[in-house]
Amino acid sequence: MFYYISGKIALKTEGFAVIDCGGAGYKIYTSRETLTSIGQEGESAKLYTYLNFKTGAGTDVFDLYGFSTLEELHLFEMIIGVSRIG
């Protein structure tokens, strides 16, 4: 759905960043390496994204994952595509 999100870093925590894009804050789960590489709060950042959407068994999941490079995104997509791993 979203190919990338670009905007100012509003918040960085241990497992995610919030990117302010046009007045909306997107919570994007990411790795420690990506969090380190994108900069500090208040700076501009761009994250390539993967939207994880699942429903069932009374639980709905709508999570956004972010990666600083396309290579990281493609590796993630390959890993989750492997049966019994992803």
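A residue is termed buried at under 20% relative accessible area, exposed at over 50%, and partly exposed in between (1.4 Å probe, protein chains only). The model is predicted, so that local features need pLDDT of at least 70 and side-chain atom pairs count only at pLDDT 80 or more, while totals for chains, interfaces and linings use all residues. Residues are numbered from 1 along each chain as its sequence is written, and side-chain values use heavy atoms, with hydrogens and water left out.

Strands are DSSP runs (E, at least two residues), numbered from the N terminus. The table gives the accessibility of these two residues.

| Residue | Relative accessible area |
|---|---|
| Tyr48 | 15% |
| Asn52 | 16% |

Tyr48 counts as buried because its relative accessibility is 15%. Contact here means heavy atoms within 4.5 Å. Beyond its neighbours within four places in sequence, Tyr48 is in contact with residues including Tyr3, Tyr4, Gly66 and Leu73. The C-alpha atoms of Tyr48 and Gly66 are 5.4 Å apart, although the two residues are separated by 18 residues in sequence.

A nonpolar core is a set of buried Ala, Val, Leu, Ile, Met, Phe, Trp, Tyr and Cys residues joined through side-chain atoms within 4.5 Å. The largest one has ten residues, among them Ile5, Ile19, Ala45 and Leu47. Strands S1 (4–12), S2 (16–21) and S4 each supply at least two residues of this core. Not counting residues up to four places away in sequence, Ile19 touches Ile5, Ile9, Ile28, Ala45 and Leu47, among others.

Notes:
Helices (H or I, at least four residues) and strands (E, at least two) are DSSP runs, numbered from the N terminus.
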